[in-house]
Amino acid sequence: MSTSTAQDREGPQESRPHHSRSPRSQCLISFGSNLGDRDAVIAEAARKVVASPMVECFAASRLFETPSVGGPAGQEPFLNAVGAFETTCSARDILGFLQSIENELGRQRRRRWDARSIDLDVVLHGNLVGGGAALIVPHPRYTARQFVLQPACDVAAHYRDPRFGWTLGELSSHLSAGNASLALVGGDVAIRQLLCERLSAEHGIRTFAAAQPVQSGVALDAAMSGRWMRRPSAAAASGDPVASSKSPASSRGEPIVVKGDEPWVSAYVPKLPIGVRGQANGYSEAFSSDVSLPRLVARMQWAATDTQWPAPHQMWPAGGRWPEYRLEIDNLDWAVTEIASAIVSMRCPVRPLTPDGQWWR
């Protein structure tokens, strides 16, 4: 059920390493299929991955079935799985290899989130953070996707996201512990307010407004970076989002009070309780179930017109300890759909179909 992204195009602009000199990296990839003979195609894709000399010590998760999220209506459910392995190859090499498998198996790229016979993505590649115009690692939106995280817990629960230090097991538990929720940051406060209004009106999602929009076109992201950002070309945010979140300005907004398990989105980031690094790099079950805390911070930025992606250093300011979801904005209609889909992805049913990871043999 992986959604189509910019990763479906070219590889990132990273340098190609000399394989003989490169250290091994832990790599996590995702498999998805909801078109045609799903079982046969996804198994063949896994066999091709395993047979490659680029891949060492391969382990597959169980095979799962999940409903289609965010795409055109009427799609069949997805088969999903992940594969964990070691490699000396670059993320660009791995992506190119995966795309060649997609082509061999008849993948047709038509529109975002359309049905597809096979979808292969690079989710994590060692401690790499960044990439280029066509591949960003870690995958910008995997943090909201239980259909990636739950399979990953079968074989890579100990892998850590290099941006905020949480393991995939901790992240999956965190998404399940509280209400499906996102706190928006970046861009223009007025844009965030508008997105919240539309999410409420069009998708019935509970939203919480920021205290006061600032002057048009400029927003002070005190909660996350302490720097001014402008649209459409946002200046690079920097600094420690956690440290900045101690500022009184970070919790300015309508109080977050929810009923039951209702999902919610806020136009600001409330104060996050991770000023001191905890036992597991900021993760703590003591606060993870607090329903007034967002499961993820959705970092928004206007996409560059030439690449549709900002520079990686603008995407992931260093030092954050709260999990984030990357959201590029070039069309408000698309942004509303993507945010709503992220909320659904946090709670979509993920049903195991096989007892182990041998489904591809």
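Contact here means heavy atoms within 4.5 Å.

**Figure 1. Overall fold of the predicted model.** The protein chain comprises 9 helices and 15 strands. Among its contacts with a separation of 6 or more, 76% join residues 24 or more positions apart. Of the 361 residues in the protein chain, 58% are buried. The chain exposes about 14300 Å², of which carbon and sulfur atoms supply 50%.

**Figure 2. The largest nonpolar core, with 61 residues.** Leu 28, Leu 168, Leu 182 and Val 265 are the residues with the most contacts inside this core. Helix α9, spanning residues 332-347, contributes the largest share of the core, 7 residues. A second, separate core holds 30 residues, including Ala 45, Leu 63, Leu 79 and Leu 98. In soluble globular proteins, nonpolar side chains tend to be buried together.

**Figure 3. Surroundings of Leu 182.** Residues up to four places away in sequence are not counted in this view. Leu 182 touches Trp 264, Val 265 and Ser 266, as well as Pro 294, Leu 296 and Ala 298.

**Figure 4. Cys 57 and Cys 153.** The structure holds 0 disulfides. Cys 57 counts as exposed because its relative accessibility is 60%, the threshold being over 50%. Cys 153 has a relative accessibility of 29% and therefore counts as partly exposed.

Methods:
Residues are numbered from 1 along each chain as its sequence is written. This is a predicted model: local features need pLDDT of at least 70, side-chain atom pairs count only at pLDDT 80 or more; totals for chains, interfaces and linings use all residues. Side-chain values use heavy atoms; hydrogens and water are left out. A nonpolar core is a set of buried Ala, Val, Leu, Ile, Met, Phe, Trp, Tyr and Cys residues joined through side-chain atoms within 4.5 Å. Buried means under 20% relative accessible area, exposed over 50%, partly exposed in between (1.4 Å probe, protein chains only). Helices (H or I, at least four residues) and strands (E, at least two) are DSSP runs, numbered from the N terminus. A disulfide is a pair of cysteine sulfur atoms within 2.5 Å. Accessible areas come from the Shrake-Rupley method with a 1.4 Å probe; for residues, only the protein chains shown count as cover.
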